[in-house]
Amino acid sequence: MIKNYFFILLFSLSFSTISFGQVLLSENFDYGSTAGDLTVTSAGAWVNHSGATTVKYVTSSLSMTSYPSSGVGGSASILPSGSEDVNRSFTEKTSGTIYGSALVNISSVGSGNYFLHLKPSGSGFRARVGAKDNGSGKVLFGIGASSSSLTYGTTGFDLNTTYLLVFTYNIDSGESKLYVLTSVVTTEPTLTEATNTGNSGTPISSVALRQSSNIPTAFVDGIRVGESWTDIMTGATASVNERTIDGFTTYPNPVTNG
């Protein structure tokens, strides 16, 4: 009896140090072999919140080595001639920093506007990510915490090249940061591409794609949302049934998100 009690106690202590890894959203745009309206092909996972000219689902994907949401399914196509804005929801967060990431490949860019952002359940936009021409055929990326007036970086990036954009919104302070990566890094960099501070205190519950004049013509893929840099840079998409005991990870009930 004593031996059995000791085993139970040891087992319980092992579970007390379990770390549960789970991102808020892992969007691979894995919606089949037929292109079309994203809200239709995703079976309502993406929903319209403005406009009518649809965001398109295409069957080609974007890739980056070691990024968890890489080369799966298709991607979303956004155009400056479009007017529809769509969002996909996740569990609402009311404090702390929200991290978003996406693979983005731009084929043409105009005078600048935002095309990707975090969103509350009602109206409003946070961590607005935009792009504009630098005057020499290169792309400048920018961020706006809560305003459509973005702060742009100074690095000229190439067209027709896949970059990993990481955008954050600190709900408590109102600060947003933007990182533009050419490869996956496991630790949050010290230097940002751009930083902007705006309104604080806005709960976040979805990520959105926006079409409007002066946005880039682009493909967007591999969107991830989490509460830390590690969430978006690792494959931590398991359910609460994931357990790590004595260095071994088990997945009795794996979860994948489309």
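**A walk through the model**

Modeller: Let me start with Thr-202, which counts as buried because its relative accessible area is 12%, where buried means under 20%, exposed means over 50% and partly exposed lies in between, with a 1.4 Å probe and protein chains only. This is a predicted model, in which local features need pLDDT of at least 70 and side-chain atom pairs count only at pLDDT 80 or more, while totals for chains, interfaces and linings use all residues. Residues are numbered from 1 along each chain as its sequence is written, and side-chain values use heavy atoms, with hydrogens and water left out.

Biologist: Where does Thr-202 lie?

Modeller: Thr-202 sits in the loop between strand E14 (194–197) and strand E15 (204–209); helices (H or I, at least four residues) and strands (E, at least two) are DSSP runs, numbered from the N terminus.

Biologist: And what does the side chain of Thr-202 make a polar contact with?

Modeller: The partner is the side chain of Arg-126, at 2.9 Å, a polar contact being a pair of N or O atoms within 3.5 Å where, within protein, one must be able to donate a hydrogen and the other to accept it, and where residues adjacent in sequence count only if both atoms are side-chain atoms.

Biologist: Switching to strand E10, how many of its residues are buried?

Modeller: Six of the six residues in E10 (residues 139–144) are buried, with Val-139, Phe-141 and Ile-143 on one side and Leu-140, Gly-142 and Gly-144 on the other.

Biologist: Which strands does E10 pair with?

Modeller: Strand E9 (residues 126–133) pairs with E10 in the antiparallel sense over six bridges, and two bridges join E10 to strand E11 (residues 151–152), also antiparallel; pairing requires that DSSP finds at least two bridges between the strands. E9 and E10 form a hairpin with five residues between them, and Gly-135 in that turn has a positive phi of about 95 degrees.

Biologist: What about Phe-157, buried or exposed?

Modeller: Phe-157 counts as buried because its relative accessibility is 8%. Phe-157 lies in the loop between E11 and strand E12 (162–170), and, not counting residues up to four places away in sequence, Phe-157 touches Lys-138, Val-139, Phe-141, Tyr-163, Val-180 and Glu-193, contact meaning heavy atoms within 4.5 Å.
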